[in-house]
Amino acid sequence: MTQLPPPSAKKLGLVIDLDTCVGCHACVISCKGWNTENYGAPLSDQDPYGAAPSGTFLNRVHSYEVQPDQGAAQLIHFPKSCLHCEDAPCVTVCPTGASYKRAEDGIVLVNESDCIGCGLCAWACPYGAREMDAKEGVMKKCTLCVDRIYNENLPEEDREPACVRTCPSGARHFGDLGDPDSDVSQLVAERGGFDLMPEQGTKPVNKYLPPRPKDQEPEIDILAPYLEPVAEDGKGFAHWLDKALSSLPGGAQ
Amino acid sequence: MHPAPSVIIFTTFSGLGFGLLFWLGVGALVPTGLSAFIWFAIAYIFAVGGLLASTFHLGHPERAVKAFSQWKTSWLSREGICAVATLIIMALYGAGLVFAGARIGIFGWLGAAGAIATVFTTSMIYAQLKTVPRWKHWTTPALFLVLSLGGGALLGGQVIEALILLLIASSLQFYAWVTGDTRLAQSGTDMASATGLGHIGKVRAFEPPHTGTNYLMREFIHVVGRKHAQQLRIIGLGLAFALPLLFLLLPFNHIFAALAVLSHVAGVLTLRWLFFAEAEHVVGLYYGKR
């Protein structure tokens with residue numbers, strides 16, 4: 001049913017650390033790998049080795065340049081996937097009931113055998129988290145690796161989303177954001193985790209941790225005194241030229 | 001938004017068809033026998049043809065029947081139900097006129113209400129979307145309804161009603177453009193809120209996730225077509241309203257009436273194309289576009 005269930009006590013989701021992400025796209029690849037080989041329709045590519053490749057991805061990494069009023073610009077890598085919103089607008093617009101939010105853990109899923117591929121859920125999502133697969137004609141989205149996290153056939157350390165498992169810089173964290181004592185909730189509280197587009201009223205479960213403020217080192221150059229430049233008592237043509245140019249109107253002293 | 005031909009054709013023609021069904025239903029024109037058959041055939045070709053066109057953009061049209069199930073939350077589902085219910089009721093009403101020469105008033109009024117409900121639910125599919133600030137406004141359902149009823153009146157030869165409704169529609173369209181042009185900026189959603197990085201400084205999209213395009217960019221970012229938006233707005237207003245109004249004011253003549261309808265249809269197709277092409281989806285902000 002596309003009616004949203006009452007808010008679940010358990011809210012599984014991701015916490016993504018924008019301070020730590022190095023923009024390697026390993027999460028993109030592991031996500032595509034796991035999700036194309038396992039649950040549901042594969043994530044197809046069109047013209048993958050040709051001039052205009054394009055394909056379905058459940059997780060994409062953007063990179064933004066942020067220019068503060070003063071100081072150097074920062075480059076921030078920004079992985080983006082489904083935020084498993086509490087008020088998921090993608091679920092309620094679905095005409096067939098294919099889209100649903102699980103009452104037990106809050107994961108937003110698509111039942112692909114009910115999906116007519118109308119695309120309205122992707123229109124309703126402000127985050128671009130849903131992509132219509134061009135080959136299968138059904139909507140694909142992040143499942144929070146629901147086929148890993150509860151999978152007792154996997155060793156325990158693998159029972160987390162593929163993107164989290166693979167992240168080499170520890171920028172992705174998985175856990176229960178409905179439990180204030182969980183590691184992820186504490187991380188969010190400690191680091192000031194925030195919602196994307198809070199004004200859209202979707203109440204995302206996934207949180208983002210802001211980049212830590214850059215400290216401003218005073219400029220210390222211990223070699224500088226030993227490298228005092230240029231003889232003051234110049235001679236010859238260069239000295240004459242220096243004097244002559246300096247004495248001209250607007251010349252540097 | 002990507003202006004998909006199937007959706008433009010669907011909203012334009014089914015709007016006209018249901019508009020005509022409304023005027024037939026309320027009894028503004030009460031044809032009987034063969035003439036009733038022709039009137040209802042025209043209305044059904046437009047309404048059903050439009051609905052069929054809308055299934056062309058589905059990934060799995062064979063499962064379309066499932067779309068009637070989620071009327072509690074989904075405007076798309078409600079639209080499907082309203083459309084089918086209206087078409088069934090109006091078929092009974094039409095059968096009365098064609099075969100018995102009798103107007104079954106209750107079916108007519110129910111069908112007219114259903115036609116309005118169908119157009120309204122169609123418009124709410126767009127007007128409900130917070131992600132497209134230009135659409136999330138009362139002018140969206142108002143315009144869809146007035147255009148449908150005005151076009152239906154024009155098609156059904158209801159000159160006075162058509163004149164009034166087309167005049168209202170043109171001012172509504174103008175108002176929707178003027179207010180819609182700034183609605184994304186006023187929505188409070190921008191690159192700063194999309195990335196949550198605005199507190200550090202000015203955010204600029206540095207590198208997209210992939211060198212190529214993707215579904216999101218094809219579906220939601222349609223910058224190219226906006227280049228000629230101003231000219232197309234004038235052409236749309238001229239074809240949809242000015243020319244048909246002129247033809248209506250001239251002494252009645254079947255050729256003028258046909259030209260008025262043709263011009264109006266071409267104009268509404270232009271306006272619908274703009275409705276999609278000009279609409280900015282907030283997901284474009286993640287790509288530094290709108």
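This is a predicted model: local features need pLDDT of at least 70, side-chain atom pairs count only at pLDDT 80 or more; totals for chains, interfaces and linings use all residues.
## Basis of the description

Local features are given only where pLDDT is at least 70 and side-chain atom pairs only at pLDDT 80 or more, whereas totals for chains, interfaces and linings use all residues. Residues are numbered from 1 along each chain as its sequence is written, and chains are lettered from A, with ligands numbered from 1, in the order in which they are written.

## Helix α6 of chain B

Helix α6(B) runs over residues 159-180, helices being DSSP runs of H or I with at least four residues and strands runs of E with at least two, numbered from the N terminus. Its 22 residues reach 30 Å from the first C-alpha to the last, close to the 32 Å expected at 1.5 Å a residue, where the expected span is 1.5 Å times one less than the number of residues.

Buried positions in α6(B) include B:Ala162, B:Leu165, B:Ser170 and B:Gln173; a residue is buried if 20 or more other C-beta atoms, placed from the backbone, lie within 10 Å of its own, exposed if 12 or fewer, and partly exposed in between.

## Where the chains meet

In total, 45 residues of chain B are in contact with 55 residues of chain A, contact meaning that the C-beta atoms, placed from the backbone, lie within 7 Å. The largest share of the side of chain B that touches chain A comes from β1(B), with 6 residues.

Strand β1(B) also pairs with β4 (residues 59-67) of chain A in the antiparallel sense over 5 bridges, pairing requiring that DSSP finds at least two bridges between two strands. Within this strand, B:Lys202 is the bridge partner of A:Gln67.

## A sheet of chain A

In chain A, 3 strands form an open sheet of mixed pairing in the order β10-β1-β11. The edge strands are β10 (172-176) and β11 (207-209), each of which pairs on one side only. Strand β1(A), residues 12-17, pairs with β11(A) in the parallel sense over 3 bridges, and A:Val15 stands opposite A:Lys207 in β11(A).

Notes: Two residues are in contact if their C-beta atoms, placed from the backbone, lie within 7 Å.
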